[in-house]
Amino acid sequence: MTSGRQDRTDPVAPSSAGPLTPGAPARPGPPAPHPGALADHGLPLLPHPPRSRWTLRARLIALVLAVAALALAAVDVLLPLNLRSSLLSDRDTTLTSVVSALPRASSGGQLDPESLAQISNDNPLRGEIGWSVVTATGIAKVVVRPAQDSASNPAVGFPPPTVVPGTVVDVDTGRQYRILAVPATVGGQRGGFLVAWSPISDINATVRRLVLLELLVTAGLLVLLGATASLVIRRELRPLEVMASAADDIAAGDLQVRVDAGDPGTEVGRLGTAFNGMLDGVGALLDERIRGEDRLRQFLADAGHELRTPVAAVQGYADLYAAGALPDRAAVGRAMDRMGFEARRMGALVEDLLTLVRADASATPDREPVELSELLGGVVDDAAVIDPSRSWRLVGDGRPVVVEGDRMRLHQLFANLLANVRTHTPPGTVATVSLLPGQDGVAVVVSDDGPGVDDADLGRIFDRFYRAEKSRSREHGGTGLGLSIVAAIVRAHGGQVMAGHSPGGGLSVTVVLPLAAGTAAVSPPPAAADADPVTAPTPVAGRSRAET
């Protein structure tokens, strides 16, 4: 049996050692924050809930025992009643046969005690049949007593039952008898009865012994069932207790704990698998949140660093002017020019920051069908007008390629890529924009034959404010956000962006976008010989970079 309140006594492994299943080897979970990480990052620790006075195991055992007790109680009640009814039916049959065997019973003839004793002895229940006579006035008298009960005196009543046997009690002792009467002439007077009766003390004793035996068997079965149910339920619920302990550890801030899922074909096994998966997801989300906070802090620090220089320059020139350190109009003019330049640089940086924030926030940009061949042609034409010192080529087969997206954002995406080439390659560089449609998407490759970037920098050129060359002049370089904006716009359109080396040694950026729904795939474009280059003047030497 299990008490109502039950404390956990199963040995469990420490939470930091992996699974908590007793006897199972430790299995470390994936990297997760240290204990207390929930509180360290703004997530409150949950208090331990108060334990219920009745554990699940205790309630299950109590339910099993209650159902079994009800079933056994029904058997304990019905079986004695059925046995008593069966034994009484046999006794009634005997009484009926004895009364039916009386000679001249139907004619009301007289019988002497010797004859009645002989009839009783001839019956299979010899020694258990007694006889009484009842006069017409209701006076009863025992004429023949059973051999084993010489003091019996049943109160047969008046009139006694003559059709169906009835139950009466002894006048003196209260013992029970079954009686059946037949009309007879008693003392020369009609209206009397001859009554056959038989004690049923043996039947009552048999029933009492059966009830006692049933009670003993019932108690033994309940004890055995309780012990067996306790062992089985304890074993089956042990994984749940381990999960409860793991949940307590998680509430305390330890996200490294995992449980042994067990057989995934069982409900508990599926629960354990789902529990571990939930913990993995929570740990991954928390890690991502931590990384996001770190990126945000780094982003704010970089933005502050980029803005500090132009602000300091503007403030410095303003202080010089206020102090009268600018002696003539030419010095004031130079100071105003520098202040204007720094103000424009601050404006460009703020605009890039706003663009990046909008691109990140717009997970579902306004979508419309956009024909890429036409859009890329306009971007390449703009680049040729802005910078005629480089060659700009658009390679494609001229077939329409339609994607769904924000036309302005897509134009800004490819304009930033060409601005990256214009900013970080020397004059005379050849930039090629290739349109490569496929089955489910389209790839746009922007490559150049400039100096390119080192392998160590390729993986970070899309990071915000990242510059492969730390000594680059901000005056001739960008804000460090151009390619970050490209990556954000591509992500918002459900695409991918990759960077690599071009065959000529320069930088190659590949943007992959999904085709619009219902757009038929076209065959790959022909060789680059079909390119329509936009030529430019003879290139001149110069220093270059390959990212913004």
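Helix α10 (residues 482-492) is largely enclosed by the rest of the structure, because ten of its eleven residues are buried. Buried means under 20% relative accessible area, exposed over 50%, and partly exposed in between (1.4 Å probe, protein chains only). Helices (H or I, at least four residues) and strands (E, at least two) are DSSP runs, numbered from the N terminus. This is a predicted model: local features need pLDDT of at least 70, side-chain atom pairs count only at pLDDT 80 or more, and totals for chains, interfaces and linings use all residues. Residues are numbered from 1 along each chain as its sequence is written, and side-chain values use heavy atoms, with hydrogens and water left out.

The buried residues of α10 are Gly482, Leu483, Ser484, Ile485, Val486, Ala487, Ala488, Ile489, Val490 and Ala492. Take Ala488. Its relative accessible area is 1%, so Ala488 is buried. Ala488 and Val357 are 131 residues apart in sequence. In space, their C-alpha atoms are 8.9 Å apart. Just after α10, Gly494 takes a positive phi of about 75°. Most residues other than glycine have a negative phi, and most peptide bonds are trans.

**The largest nonpolar core**

A nonpolar core is a set of buried Ala, Val, Leu, Ile, Met, Phe, Trp, Tyr and Cys residues joined through side-chain atoms within 4.5 Å. The largest one holds 38 residues. Trp392, Val403, Leu413, Phe414, Leu417, Leu418 and Val442 touch the most other members. At least two residues of this core come from each of α7 (372-386), α8 (407-424), β9 (430-437), β10 (441-448), α10 and β12 (507-514). Helix α7 gives the most, with seven residues. In soluble globular proteins, nonpolar side chains tend to be buried together.

**Helix packing**

Axes are lines fitted to C-alpha atoms, for helices over the stretch in contact, and angles run from 0 to 180 degrees between N-to-C directions. Angles under 35 degrees count as roughly parallel, over 145 as roughly antiparallel, 65 to 115 as roughly perpendicular and the rest as oblique. A crossing is left-handed if the near helix is turned anticlockwise from the far one by less than a right angle, and right-handed if clockwise.

| Helix pair | Axis distance | Angle |
|---|---|---|
| α2 and α4 | within 8 Å | roughly 160° |
| α8 and α10 | 9 Å | about 150° |
| α7 and α8 | 10 Å | about 40° |

Helix α8 packs against α10 at an angle of about 150°. That makes α8 roughly antiparallel to α10. Their crossing is left-handed. Helices α7 and α8 pack at about 40°. They are therefore oblique to each other, and their crossing is right-handed.

Elsewhere, α2 (residues 56-100) meets α4 (residues 201-251). These two helices are roughly antiparallel to each other. Their crossing is right-handed. The contact of α2 with α4 has 25 nonpolar, five polar and eight charged residues. Here Ala, Val, Leu, Ile, Met, Phe, Trp, Tyr, Cys and Pro count as nonpolar, Asp, Glu, Lys and Arg as charged, and the others, Gly among them, as polar.

**Aromatic pairs and a cis peptide**

Rings of Phe, Tyr and Trp (its six-membered ring) pair if their centres lie within 6.5 Å; planes under 30 degrees apart count as stacked, over 60 as edge-to-face and the rest as tilted. By this rule there are two aromatic pairs. Phe158 and Phe193 form an edge-to-face pair, 5.9 Å centre to centre with 75° between the planes. Phe158 sits in the loop between β2 (140-144) and β3 (166-169), and Phe193 in strand β5 (residues 189-199), 35 residues apart. Phe158 is partly exposed at 44% relative accessibility, whereas Phe193 is buried at 12%.

Tyr177 and Trp197 also pair edge-to-face, with ring centres 5.4 Å apart and planes at 85°. Tyr177 lies in strand β4 (residues 176-186) and Trp197 in strand β5, so the pair ties together parts that are 20 residues apart in sequence. Tyr177 is buried at 0% relative accessibility. Trp197 is buried, also at 0%.

A cis peptide bond joins Phe158 to Pro159, with omega about -10°. Pro159 is found in the loop between β2 and β3.

**A glycine in α5**

Gly316 lies in helix α5 (residues 267-322). At 29% relative accessibility, Gly316 counts as partly exposed. Gly316 and Met339 are 23 residues apart along the chain, and their C-alpha atoms are separated by 9.3 Å.
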